[in-house]
Structures are given as C-alpha cells and as structure tokens.
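Subject: Structure handover

Hello,

The structure is below, with notes on what turned up in it. Please read the notes with the model open.

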Amino acid sequence: MIVETKDSSAVNISSPHNKATKGEVVIVSLATFIIFFQAFMVAPLLPELASLFGSTVRQTSFIEPVYLLGYGVFTLVYAPLSDRYGRFSIIVCSLCLFIIFSFCTAFVKDTSQMILLRLLTGISAAGIAPTTISWISDRFPYAERGYALGIFFGCMAGGMAFGSSVGALLAGIIGWRTLFSLVAFSGGIVLLFNIYYRRRLFPDLPKSSSQLSLLTIFREILSTPGAKGTYFFVFENGLFHSGVFAWLGVYFYDVYHLDERGIGLALLGYGIPGLLLGPALGRMADRIGRRRIIPLGIVLGGITVILLSCIPALFVACLLVTILSLSFDLTHPSLATIVTSFSKKHAGGSTGLFAFFLFMGYGSGSLLFSLLVSTGLVETLRIFGLMAIIASLVARRFFALSQ
C-alpha cells in the first residue's frame, strides 16, 4: 500500500529554485477563494431567492447541487488537460468563463434561469481548484506539500466562510444581484494578478506527452493500492460537509429566527481555523501522519453536527460552526496530499479525480439533505452526524491497514 509514501511525486522540480514561495501559493489560491466565496454565498440567500422567484426554499435549494455536480463532472476534463497544455492555460480559461457566467447570473428572472446559470458557472469554474492542487504538486516535494496545501485549503475554507457570512451581509446591503457582479469584478482582478505574475508563478515545466485516453489514465490511477478507498473518503467527506453547510443558513433562520445579517454573523466562524491554522495543520499532518488526522477530523464533524441538532444556545451553535470548519481543515488537505502521491506521470489526473469525487460528494450531500429534510431539519442533521461517526471508524481501520 502506498497511501502515505514519500515518493516525491512532484517530478517537475529540478532544483530548489523551482519551489514556490508562500506568497506565490497565496496568489494562485486566490482564484479558489473567489470560486468558493461565490459557491457558498448562495446558501444563506435561499429564503430570499425563494420569495423573490415565488417558489419554496426546498425547490430553490436545488440551485446548490446543480452547481456542485456540474463542477464535479467537469473536473475530470480540466485537470488532465492541464498536464498536456499547462496549468496557466487551464486556470486562465476556467477563470475567464467563471467571470462571464457569474456576471450573467446577476440578471436572472426566475428559478429556471438561476439553475441554468449556476450549472454553467459550476462547469466553467471546475478547472481552477484541481489544477491549483496539481500546480502545488509540481512545485513542492511530498514531505512539504501538506504546508502548501494547508494554505490552499485555508483559502478554500475562507471562501466558504466569507461567502456564507460576508456574502450574506453584503447581500443585505447592496442586494444579491450587485453581489454577483462584485464577485465577477473580483475574479477579474485575480485573473490580472495571475497574468501579470505568470513567469514567476508558472515557469515552463515539462508537459505530459502521453497519448493515453482519459479513461485509461483514470483506470491506471485507480489501480494504485489504496486509491479507491482514499477517493471514497474524499466523496464521503464532501457529502457530509456540503450537505450540512448548505443548510446551515436555513437552520439559523428556522431555529433562531435570524435575518440575513444574523445568519452571516452566525456563520462567520466557518473558515477561521483554515485561514489562521491551515499551514500549521498541514505541517502537523506532515509530522504525525495523515492516517491519524483524517479519522479524527471526520468524527469531530459528526459529533459537532449531532450537538447542533440538540438546539443549543445561539452562541454555542456559532462556536460549533467554527469547530465544524476545523473538521474540514483536518480532513481535506490530508486527503489531497495523499492523492498527489498516486501518479508521477498523471498528477492532473489524480487531482482531477480528487476534485471529481469531492464535488460529486458536495453535490450529492446537498441533494441528499434536500431530499431528507422533509423528515425534519434536526432529524436530518442527526442522520448526517451518525453517518460521519460510522465513516470515521471505517477510516481509522482503512488507513491503519493501508500503511
């Protein structure tokens, strides 16, 4: 088994001068911050959008899974292409399309138009995060990759946090249509940064000359010992976090009767652990081993959600949201680091599969929660919490045997 071998799969590193700096990792990861800000700023707006479009919150909630599922499917296309055509080309192309569709979303008139634009936005954005992970695997040896991925996932978690909190606050001040336009403008600024610093950020590294089909590449990666099980936990973890997080805005609206501003403040803690502790958590995983970190993160999330289902005091619920974010930060970077060790030749394919299973989990989790919520919001939270606790026990066994 090679779930955590130190195989230095960053084969494009020829000298220490090719290793990226912390500032360069932050610049490249800013696009992922914008993507996730936009993805998760929608959840707190569901009650308002449902009222505006004359539909129920449950019907409107499907704009979340359609975005995430569209994103997940197309990661399989973009990431392997970045092996052939370069990381810069795919990131810029994907970011340009994302900007266009985000801007167009500001002008939708009904739920159907919103669903279509969210699907197109998810498809267009799909090339950014997995290609960035591949870029990190190019620029860092395996033993130091946890630190860089900690920064990357800190930006991802920060985007989720500020999207659901600051995004909701801004929507209450400037309106959700202007908010989508602002996101498009911010994406344009990030695009200009990547273009301006292209020579520093994207040195001319060797590109793959493989003529294998995508299916052949994916089959080769999945045949690696431990790969199937690891990707399963990527899917499960995405399903859990997305299902819960997509409905936290509704949770605070229904249970504590908060308005948009209150919901934004309640969710503000989500992402703070990643922003503040992401690199430190990555180094900790590098040092003590990911097989211990991943089950701990999964069980922490499950316990947190069950506690939320008990309807604690509001300040306790806000604290639990922050702990739920810590669960994300303990699991996602470690899983991504393991995945980057699966193939030297097809780093993009490995991270493409990672993003595919992650976002299939994200979309499936949001959809599953939407389907189960008719039994009751609290009851659905308990179901998700129990699933996570069971998954943590399986993960502990799997990663112990995969060493």
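**Two loop residues**

His 257 is found in the loop between α14 (248–255) and α15 (260–266); helices here are DSSP runs of H or I with at least four residues, numbered from the N terminus. This is a predicted model, in which local features need pLDDT of at least 70 and side-chain atom pairs count only at pLDDT 80 or more, while totals for chains, interfaces and linings use all residues. Residues are numbered from 1 along each chain as its sequence is written, and side-chain values use heavy atoms, with hydrogens and water left out.

His 257 is not a glycine, yet has a positive phi of about 55°. With a relative accessibility of 66%, His 257 counts as exposed (buried is under 20% relative accessible area, exposed over 50%, partly exposed in between, with a 1.4 Å probe and protein chains only). Ile 311, in the loop between α17 and α18, also has a positive phi of about 55° although it is not a glycine. Ile 311 is partly exposed, at 37% relative accessible area.

**Aromatic contacts**

Searching the whole structure gives 25 aromatic pairs. Rings of Phe, Tyr and Trp (its six-membered ring) pair if their centres lie within 6.5 Å; planes under 30 degrees apart count as stacked, over 60 as edge-to-face and the rest as tilted.

An α-helix has 3.6 residues a turn, so residues three or four places apart point the same way. Trp 176 is buried at 4% relative accessible area, and Phe 180 is buried at 1%.

Tyr 251 and Phe 252 also form an edge-to-face pair, because their ring centres are 5.2 Å apart and their planes are at 85°. Tyr 251 is buried with a relative accessible area of 1%, and Phe 252 is buried at 0%.

Elsewhere, ring pairs link Phe 152, Phe 153, Phe 328 and Phe 354 into a cluster. The charged end of Arg 118 sits over the ring of Tyr 67, 4.3 Å from its centre; the test is NZ of Lys or CZ of Arg within 6 Å of the ring centre and within 35 degrees of the ring normal.

**Cavities and a pocket**

The whole structure holds two cavities of 30 Å³ or more. On a 1 Å grid over the protein atoms alone, a cavity is a set of points where a 1.4 Å probe fits but cannot get out, and a pocket is an open set with protein on both sides within 12 Å along at least five of seven lines; lining residues have an atom within 4 Å of a point. Grid points are joined across faces, edges and corners, and a volume is the space filled by probe spheres set on the points.

The largest cavity has a volume of about 90 Å³. Its lining has 16 residues, with Gly 278, Leu 281, Gly 282, Asp 329 and Pro 333 nearest the centre. Two or more lining residues come from each of α8, α16, α17 and α18 (314–339). The lining of the largest cavity divides into six nonpolar, eight polar and two charged residues (Ala, Val, Leu, Ile, Met, Phe, Trp, Tyr, Cys and Pro count as nonpolar, Asp, Glu, Lys and Arg as charged, and the others, Gly among them, as polar).

The second largest pocket has a volume of about 160 Å³. Eleven residues line this pocket, and Val 26, Ile 151, Gly 154, Cys 155 and Leu 275 are the closest to its centre. α1 (22–40), α8 (142–164) and α16 (272–288) each supply at least two residues of that lining, which comprises seven nonpolar, three polar and one charged.

Helix α17 (residues 290–308) has 19 residues and should span 27 Å at 1.5 Å a residue; its end C-alpha atoms are 27 Å apart, which agrees. The expected span is 1.5 Å times one less than the number of residues. Buried residues of α17 include Arg 290, Pro 295 and Leu 308.

Helix α20 (residues 377–401), with 25 residues, reaches 37 Å from its first C-alpha to its last, close to the 36 Å expected. Among its buried residues are Phe 384, Phe 398 and Phe 399.

Regards
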